[in-house]
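Colleague: I have a structure open that is new to me, and I would like to know what stands behind the words used for it. Could you take my questions one at a time?

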Amino acid sequence: MTAAPPLIAFAHVGKSFDGGRVKAVDDVSLDVAEGEFLAIVGGSGSGKTTLLRLANRLIETDSGHITIDGEDVRAADPVSLRRRIGYVFQSGGLFPHFDVAGNIGITPKLLGTPQQEIAARVDELLDLVRLDRAQYRDRLPHELSGGQRQRVGVARALAARPKIVLMDEPFGALDPLTRDALGDDYRALHKQLGLTTVMITHDMTEAILHADRIAVMHSGKLLAQGTPAELSNSGDAYVGELLRTPRRQAERLKVLLPRDGAA
Amino acid sequence: MNFFTDSRWSEALAHLPDYLGNHVRVSVTALALGLAISLPLAIAARNRPIPRSLLLGLASIIQTVPGLALLALFYPLLLALASLSLAWFGFGFSAFGFLPAVLALALYSMLPVLRNTITGLNGVEPAIVEAAQGVGMTPRQSLLSVELPLALPVMMAGIRTAAVWVIGTATLSTPIGQTSLGNYIFAGLQTQNWVFVLFGCLAAAVLALGVDQLLALIEIGIRQRRRWRVAFGGVGLAALAVATLVPSLARSPSSYIVGAKTFAEQYVLAALIAQRLQAAGLSASTREGLGSNVIFDALVSGDIDVYVDYSGTLWANQFHHSDIKPRAELLAELKAILAQQKVTLLGELGFENAYALVMPRKRAEALGIRTVADLVSRAGTMSIAADYEFFSRPEWAGLQKAYGLAFRAQRQMQPDFMYAAVASGEVDVIAGYTSDGLIAKYDLVVLEDTKHAIPPYDAILLLAPKRAGDQALRAAVTPLLGHIDIAEMREANLRAAGGDSASSPSAVARWLWDKIGKK
């Protein structure tokens, strides 16, 4: 942990649905440092997606405070807040009636960036997410593969040069190869651009491979947070269970796929 | 004569630019107004369950009102509004024709547009709407650049339905004074001109299908994101609008408008008056098929300039008198009442078109029935048929009261069919019109009203207030006064019901003028 103030800070945040019957997020306190890659891991219904949406005010908190760069998000205008934060949606969330360039350039367009500048930025971003400019620029989302769609989703999130990128299970629906390639590519971008990333995933392996730190959520509560090594020392049974799977898989793979054979 | 070479086809074709242009104008305006009302309402109500169901419920109720009644209801409503506006703000507006037709049709178009807009907007994937929010769109930006474009195919399907309904229902705007393709149908039904009826139905169907197909092109274009399809459909619609509107806009507005109610005699007399005006070098056109509740008000407000009404009709229906006076006295009093409304009763044409109880001559003779009084003892076993309004008119109440008449059954019929119905024995008695040519054709007999329960029905020529001092108009129509007797009118009416090309109202009017012009 650094001594610098956190870029994103959740302090005793709570959110319930259905008139208080369902506590989706229950008294969560969590700091994300500038430049950090944080993964939030949990099963369905753990409240991880809700926590992410609270950060850019897609939904509003019931209790507690969220600050970004020291500013309480509730004091900010939600629309300009969202334009400052990149957001990658589950399975892309691309607008089906906009072509690739239109999807990527949407936030700069909303911010009033000149047309020519947007076009140049779109090409730059296509290079960045490794999609051929000429080939993909004018395609519609339904003409793309799942992986390509998600690359466009990442490019869209980065278009307005945000410091922060929030990702909601960005690679969940992809095949393992694509998923791995995209994860590595994004990790590189995160470093290259000096981003602060919060990624939601239900896959502990993915979290371990890409994130600096991992937060584990269950039933709306934050169970544990720390580096993978710190998490291994956690006494919590659920956290232990989550870590056991990748470990067991790694051991099995070591046996089934000896290194020399794979080379 | 061959059906396809019938000269009435070319006569129908000659009316097409006028009728079609007016039809398109009223339909397009109504649809545009309907969309302008429905779209914001649907957008505002889509996420509010209570306003949404109220709105859809209201639109459904409007839809269940028959088109003809909805159109007819708007006329008195607007008339009242116009007189209020005149009293309060110092200006009135015409409650006749275009305005009530547009308002009623716009209401009629609302249901499919509302329903499909709400369905379309609510059908947009929530994930997409959330993404719009997430990339930093305001609710308005999200609606305009994401939700509406994605809902558009479903909305277009609703607009298509609305367009077809409006174009079809616009044919019913003829009785409230809006020229439309319905003019063919109403005139054709009244004068048994099946060529006109067929032509009107075909023209309306072709127009509706054409517009539907062009809108379908746009809808599919939007669905498949093919710009050229959308453009092609749009250009097609624009071309259709221009092609149909320009000829009717280019026509010079005629200075005199002759009104006619919805039956053959009125069509013939209106044609006759228009011909006399044209012969005097005045430009004139006819506005036919007007409902009898509409036509007098249209004259008072100056929407039409001249028409023929019947003394008893005005006396009982328009001015709600239940007492019955001798003929001359009634006319004099009517003239005074009309003068108060600044309407000129120029004079009588010379014949009466009264309601009368009519039955087959042979049957009447066999039963020894000559007068209405003779009928009373047998009425309990007999059925009577009449037009749509007779049984709610004061004449019927008067007849029942004066004679103590009570029939076994009452039926309402299209006037053209009731003579055939009584001749064939399907009904025993009808309330016919004394000037109807079919009385002679079917060998029917008029039962004498010895107690004078039915008021006199002299055909009278009325002038609009603004034409009261118009000497050219008076000079042109005065030769008609007192010169049309009942036998001539009956023959003219019979000719008009002939069902061939010599039976068009204008042809019969020329024949009638040949007979009376020499007098």
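Modeller: This is a predicted model. The buried residues of H11(B) pack against helix H3 (67-89), strand E1 (256-259), strand E3 (306-310), helix H12 (311-318) and strand E10 (458-463) of chain B.

Colleague: Which residues of helix H11 (residues 292-300) of chain B are buried?

Modeller: In H11(B) they are Val294(B), Ile295(B), Phe296(B), Ala298(B) and Leu299(B). A residue is given that word if 20 or more other C-beta atoms lie within 10 Å of its own. Just after this helix, Gly302(B) has a positive phi of about 85°.

Colleague: Why is Gly45(A) called partly exposed?

Modeller: Gly45(A) has 14 C-beta neighbours inside 10 Å. Buried needs 20 or more and exposed needs 12 or fewer, with partly exposed in between. The count of 14 falls in between, so Gly45(A) is partly exposed.

Colleague: Where does Gly45(A) lie?

Modeller: Gly45(A) is in the loop that runs between strand E3 (37-41) and helix H1 (48-55) of chain A. Its C-alpha atom is 7.7 Å from that of Gly220(A), a residue 175 places away along the chain.

Colleague: What makes chain A as compact as a globular protein of its length?

Modeller: Chain A holds twelve helices and ten strands. The globule rule gives 18 Å for 263 residues, and the radius of gyration of chain A is 19 Å; the two values are close, so the chain is as compact as a globular protein of that length. The C-alpha trace spans about 55 × 55 × 40 Å along its principal axes. Of the 263 residues in chain A, 40% are buried. Among contacts in this chain between residues at least 6 apart in sequence, 69% join residues at least 24 apart.

Colleague: What domains does chain A have, and how do you know that they touch?

Modeller: The domain assignment gives domain 1 (1-84 + 170-255) and domain 2 (95-162). Their centres, taken over C-alpha atoms, are 25 Å apart. Contact is judged from residue pairs, with C-beta atoms within 7 Å. On that test eleven residues from domain 1 of chain A and 13 residues from domain 2 of chain A take part. On the domain 1 side, helix H2 (78-84) and helix H8 (176-193) of chain A are the elements that give two or more residues, and H8(A) gives the most, with five residues. That side has seven nonpolar, one polar and three charged residues.

Colleague: How many residues of chain A are in contact with chain B?

Modeller: There are 14 in chain A, in contact with 15 residues of chain B. H2 and helix H4 (106-110) of chain A are the elements that give two or more residues to the chain A side. That side divides into eight nonpolar, three polar and three charged residues.

Colleague: Which residues touch the most other members of the largest nonpolar core?

Modeller: They are Val258(B), Val268(B), Val422(B) and Ile430(B), in a core of 230 residues. Helix H4 (residues 98-122) of chain B gives the most to this core, with 14 residues. The core also draws at least three residues from each of domain 1 and domain 2 of chain A.

Colleague: What is Val258(B) in contact with, leaving aside neighbours within four places in sequence?

Modeller: Its contacts include Ala270(B), Ile273(B), Ala274(B), Ala284(B) and Ile304(B). Thr286(B), Asp305(B), Val306(B) and Tyr307(B) are also among the contacts of Val258(B).

Note on methods
Residues numbered from 1 in each chain as written. Chains lettered and ligands numbered in written order. Predicted model: local features only at pLDDT ≥ 70, side-chain atom pairs only at ≥ 80, totals over all residues. Core = buried A, V, L, I, M, F, W, Y, C linked by C-beta atoms within 7 Å. Helix = DSSP H or I, 4+ residues; strand = E, 2+ residues; numbered from the N terminus. Domains from an automatic or database assignment. Contact = placed C-beta atoms within 7 Å. Nonpolar A, V, L, I, M, F, W, Y, C, P; charged D, E, K, R; others polar. Rg over C-alpha atoms; globule rule 2.2 N^0.38 Å.
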